[in-house]
Amino acid sequence: MAEHLRRSGAVCPRKNAAAGRTRRWSIIGITAAYLLILVGGVGINGIVEARAQQEALAQAAQTAQDTAAQLSLEARQDSAMVLSARAKELSLDYQEQWEARVAEAVQNGGAPSVPAWSYASGVFEASAYDGYTGQDQIAYWQSINSDTIGYLRIPGTNISHPIVQNTQDVNYYTSRGYYKEPSYYGVIWTNPNTTSGSYSELSPNTVLYGHNWTNYSASPRVGYAGDIMFGQLTGYHHLSTAQSYPYFYYSTPKEEFTVAIFACFYTEEAFAYNQTYGAGGDMAYTIAEARARSRHTFDIDVNASDKIVTLSTCTRAYGATSNQRFVVMGRVLRPGETVHAVTVTSNYGHKQPSVW
């Protein structure tokens with residue numbers, strides 16, 4: 001029995017314990033190996049899954065970016081459509097306001113119907129130059145204000161106003177209206193020594209001033225009905241306006257004049273574009289300097305013996321300084337000349353003002 005027991009291991013606890021430990025370590029080893037394999041598989045799968053998620057996220061980001069770009073494009077297109085529609089509304093609004101204003105003027109003994117304003121197209125608008133200058137309004141305005149010496153009308157804009165002159169002070173009308181009342185928007189006025197009348201009586205340079213409180217940015221709009229006095233003059237900043245409307249009308253009680261524009265420019269006050277040029281004045285220099293500064297080149301010849309009409313207004317196109325002006329200069333048509341299409345092109349490299 002004892003021999004049997006010894007062979008069976010029942011009476012050898014060390015051997016049995018060692019065998020048990022061996023079996024346990026085997027089990028643990030197998031388990032550990034399994035866990036390592038399992039963990040390794042999970043790790044590999046995790047990396048694969050992470051990469052897949054990363055690619056999915058990248059794809060989603062690209063899709064979002066493409067969608068945003070498309071939405072931005074659509075928004076810009078929508079904005080353009082809205083702006084175009086608004087522009088048409090403003091045009092209609094202005095036409096209605098202008099027709100009402102003309103009807104009121106006719107009722108009060110003023111001017112007959114005036115052609116409505118239209119947007120500049122870059123093509124010469126011959127129909128805008130129907131010969132109506134506004135001269136017949138001068139007598140009416142002289143009955144209201146004896147300082148009235150003429151009338152200015154610029155086709156393609158809402159600028160159609162009498163011209164007044166104080167013979168003592170050029171600044172008299174800077175804060176007064178046509179009734180000499182205090183006025184923020186003012187009038188269209190000229191220098192004290194400006195002469196008017198027939199062609200031979202005109203000053204070499206008739207300078208007309210007007211306020212611009214509404215359209216003085218570096219990129220002025222065109223045709224806004226709320227612009228007052230010379231607010232729409234800065235529309236000549238744009239080539240299309242100059243191409244569509246290269247003439248304006250200036251009238252005195254004695255004669256009606258058509259004026260061909262030859263320069264539109266920004267300038268500092270130091271450039272004496274606004275001299276009336278009596279004896280000894282250098283009109284040739286002023287013409288050459290105006291052409292050099294002009295944003296556009298006009299196919300209009302001009303010389304020192306011509307009669308010049310200059311339109312001047314304020315701007316802030318070059319910053320907040322008050323010493324800058326926007327100027328349109330033209331010459332009165334010579335005897336025998338008529339209105340016709342004018343070639344107007346961009347004057348690249350034109351002289352910039354010194355307003356800093």
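The legends below walk through close-up views of one predicted model.

**About the model.** Local features are given only where pLDDT is at least 70 and side-chain atom pairs only at pLDDT 80 or more, while totals for chains, interfaces and linings use all residues. Residues are numbered from 1 along each chain as its sequence is written, and side-chain values use heavy atoms, with hydrogens and water left out.

**View 1. Eight strands close into a barrel.** Helices (H or I, at least four residues) and strands (E, at least two) are DSSP runs, numbered from the N terminus; contact means heavy atoms within 4.5 Å.

View 2. Two strands pair if DSSP finds at least two bridges between them. Have a look at tyrosine 151: it stands opposite serine 251 in β5, and its bridge partner in β2 is proline 162. The β1-β2 hairpin has 6 residues between its strands, and glycine 156 in the turn has a positive phi of about 90°.

**View 3. Strand β2 is largely enclosed by the rest of the structure, because 5 of its 5 residues are buried.** Buried means under 20% relative accessible area, exposed over 50%, and partly exposed in between (1.4 Å probe, protein chains only). Strand β2 also pairs with β3 in the parallel sense over 2 bridges, with valine 164 and tryptophan 189 as bridge partners.

**View 4. Tyrosine 184 and tyrosine 185 form an edge-to-face aromatic pair.** Their centres are 5.1 Å apart, with 80° between the planes. Rings of Phe, Tyr and Trp (its six-membered ring) pair if their centres lie within 6.5 Å; planes under 30 degrees apart count as stacked, over 60 as edge-to-face and the rest as tilted. Tyrosine 185 counts as partly exposed because its relative accessibility is 33%.

**View 5. Phenylalanine 271 and tyrosine 273 make a tilted pair.** The values here are 6.2 Å centre to centre and 50° between the planes, and both residues are buried.
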